[in-house]
Amino acid sequence: MPSPTSELEVLTDGPETSTAADALLNGLDEAQANAVTTDTTPLAIHAGAGSGKTRVLTRRIAWRSLTGRSDPRRVLALTFTRKAAAELRSRLRILGLRDQVAAGTFHSVAYAQLRIWWKDNDIPEPQLLDRRSDLITKHVPRDRRTTDVKDVVSEIGWAKARRVAPERYAAAAEEAGRNPPLALTVIAEIFRKYEDEKSQKKMVDFDDLLDDCRRALTGDGRKSKLFADAQRWRFRHLYVDEFQDVNPLQFSLLDAWLGGRQDLCVVGDPDQAIYGWNGADADHLRRFDTHFRDGTVLELRQNYRSTPQVLRTAAAALAGHEPMEANKPSGPTPTVNSYPDDKKEAEAIAQRVRDSHGANRPWSQQAVLVRTNAQTGKVAAALKDAGIPIRTRSGSGIKDQPDVKSALSLMAKTSGGSLAKQFDDFLPRAGSDTSNQVADHSNAEREAAFAELRYLRDEFLTLDPTGTPADFTTWVHKIAGNEIDDSTDAVEVVTFHGAKGLEWPTVHIAGLENGLVPIGHAHDPNALAEERRLLYVALTRAEETLHCSWAAERTFGTRTSKRSPSPWLVDIEAAITALDRPLDHHDQGRRAKAARSHTRRPSPPENPDVAALKAWRLATAKAANVPAFVVFSDATLEAILEMLPTTPAELLSIPGIGPVKVDRYGNELLAVLAGLD
């Protein structure tokens, strides 16, 4: 039997393979080609909005495979949505890879590996908890259940993403400036009860999948070593998309998958880091060469999505950032309009949407973006009243399609077998007479649903090649969730967060008011910076035409309030006004070069005092089995050294230190400070 290496040599040997590899570089700019072909690892690619991120990622995987640098059967590509994973696999097939590359979300890959771990070790598979609220609600004070359960669920999700245990939650939340509706100590107690009940009932939530997989890979026993060796042998070349959205829990699992190896490539954009509120930590990308000492960072600053007018307007949201270099020709000037109230605003948007629609402009080429879900109702109603088809991100998924439900039901009842060989047997025969075939439109929806189910099959088989139809059904129901049907021609109504990763020729952004943009609860500099990035994400969804608006009065439920424009509209309107003096290509190149030259700044050298504090923090964190930042962040350490407090009262005056931390660490910290030179 040939070795994996010799098989790879056979797969990549010959002039046809060499020609195909060279063809992958066609159409790439210099920075993209360098990102595709560099042999340096670990590698981070900072890919700005519209810079061809997915194109570079897929071509790098394909180029390294076709040139013999990687074995495509040993590639694992991690994404944050199944749709992104399906698109990645589809592009790789088009690029000529003969072998199926494994691509999936952190959770789907962890779940597939854990099922192998459980089976090999005769461990009963725990029940996967779909909704945390099922266990949390009863622990929330009765008079707060109708209003605060969602916030408590969010806080527990944040804590688990940051690898913060219940007993550490109050201190970590205090330092992070979290401001939930219940006292931090109350949420910590609810968190503890939730974890205890989950353990008693032998249940796991989605975050447990990540941590349990990490534990299985890093355990001290022989079984863990065998399991880790098998998984690391199978997946030797790792890629991560949207790396700015990785949280500490996901990063710890990635580290376990790597097992000290260097073959890692990540792609992301620090300017699109918008999930810090949910536990993500863009520091993994911003300081990649610190987290990976031998790491290299490359920049992609050419934009192929948007017009120069859109890019210059969007850059204003980031205050001081140079716009990316546009490759599209000039387009219409973005607009900013105000309206007396949100009803008039919604009606005006509906009229503008209708005016922009035409024979060559389907509805699906437009979207309306808002900051919060609460704003979608009035916009959606106005569009419906105007006879405009709409789609929202809360729609039903393919699992609700009757034929898909029927196919999954049959698979669930099948004992044993091979999904790879039997999948098509569960689908209705082509041309069969079903209720879903009463019209061409229904046929199209039905075929789109089955195409999505096939994508799910492909993803599952890359993770579990020997899986059965019943295994697949379990995985679909637990991991897949409800997906949005994008096959119909409709205007998308979506939040800024929901629009991430999407793009449309025409974008209407509504509700640019103080209290929404930025959101009212964003007060500290980090939260406000994230709100600016969120607005930037919204603005850069537009390819050609961008319309912004705000209302002087807005109604939420029965409450109507006066509104003022977002403070950032001043910058946006100034940028639009300056469009009268368009940048020529030379100016764009100069600005992009200047932006690149300021991307990297060397970190200041540590002095003995900083080293002493960090050593104490590390020892304290290890003793408590928590990440170091849970004790004190780097920013807090710097503030401590600036003030050099000598009493608990002085400690309390430092940002990031509250009563809980003073009680827990105060005496030890003061003793360390007293011993500094």
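1. Lys202 counts as exposed, with a relative accessibility of 63% (exposed is over 50% relative accessible area, buried under 20%, partly exposed in between, with a 1.4 Å probe and protein chains only). The residue belongs to the loop between α10 (184-200) and β5 (helices are DSSP runs of H or I with at least four residues, strands runs of E with at least two, numbered from the N terminus). The model is predicted, so local features need pLDDT of at least 70 and side-chain atom pairs count only at pLDDT 80 or more, while totals for chains, interfaces and linings use all residues. Residues are numbered from 1 along each chain as its sequence is written, and side-chain values use heavy atoms, with hydrogens and water left out.

2. Ala319 likewise calls for a check of its backbone. Phi of Ala319 is positive, near 55 degrees, and the residue is not glycine. Ala319 sits in the loop between α16 and β10, where it is partly exposed at a relative accessible area of 44%. Pro323 is placed in the loop between α16 and β10 (325-326), but this proline counts as buried at 7% relative accessibility.

3. Two cis peptide bonds should be noted. One runs from Thr41 to Pro42, with omega near -5 degrees; Pro42 is found in the loop between α3 (30-37) and β1 (43-47). Another joins Val517 and Pro518, with omega about 0 degrees, and Pro518 is located in the loop between β15 and α23 (525-539).

4. The overall figures are as follows. The chain contains 30 helices and 18 strands. Its length is 677 residues, of which 51% count as buried. Among contacts (heavy atoms within 4.5 Å) with a separation of 6 or more, 77% come from residues 24 or more positions apart. The accessible surface of the chain is about 30800 Å², and carbon and sulfur atoms supply 50% of that area (Shrake-Rupley method, 1.4 Å probe).

5. Helices α8 (residues 145-161) and α9 (residues 166-176) have axes that come within 11 Å and cross at roughly 95 degrees (axes are lines fitted to C-alpha atoms over the stretch in contact, with angles from 0 to 180 degrees between N-to-C directions). On that basis α8 is roughly perpendicular to α9 (65 to 115 degrees; under 35 is roughly parallel, over 145 roughly antiparallel and the rest oblique). Glu155, Trp158 and Ala159 of α8 meet Tyr169, Ala172, Ala173 and Ala176 of α9. The residues of this contact comprise six nonpolar, no polar and one charged (Ala, Val, Leu, Ile, Met, Phe, Trp, Tyr, Cys and Pro are nonpolar, Asp, Glu, Lys and Arg charged, and the others, Gly among them, polar).

6. Helix α28 (residues 634-643) has Thr636, Leu637, Ala639, Ile640 and Leu641 buried. Leu644 follows α28 and has a positive phi, near 45 degrees.

7. There are 41 salt bridges in the structure (a side-chain nitrogen of Lys or Arg within 4 Å of a carboxyl oxygen of Asp or Glu). One of them pairs Asp205 with Arg132, with the closest N and O atoms 3.2 Å apart. Asp205 is in the loop between β5 (203-204) and α11 (206-218), and Arg132 is in the loop between β4 (127-128) and α7 (133-136), so this pair ties together parts that are 73 residues apart in sequence. Asp205 counts as buried at 1% relative accessibility, and Arg132 counts as buried at 16%.

8. Glu503 and Arg305 form a salt bridge through their side chains, at 3.0 Å from N to O. Because Glu503 lies in the loop between β14 (491-495) and β15 (504-509) and Arg305 in the loop between β9 (302-303) and α16 (308-315), the pair ties together parts 198 residues apart in sequence. Glu503 is partly exposed, at 39% relative accessible area, whereas Arg305 counts as buried at 13% relative accessibility.

9. A salt bridge also links the side chains of Glu544 and Arg361, at 2.7 Å from N to O. Glu544 belongs to strand β16 (residues 542-551) and Arg361 to the loop between α17 (342-356) and β12 (366-370), so parts that are 183 residues apart in sequence are tied together. Glu544 counts as partly exposed at 25% relative accessibility, and Arg361 counts as partly exposed at 29%. Elsewhere, salt bridges with shared partners join Arg132, Lys160, Glu195, Lys198, Asp205, Asp207 and Asp208 into one network.
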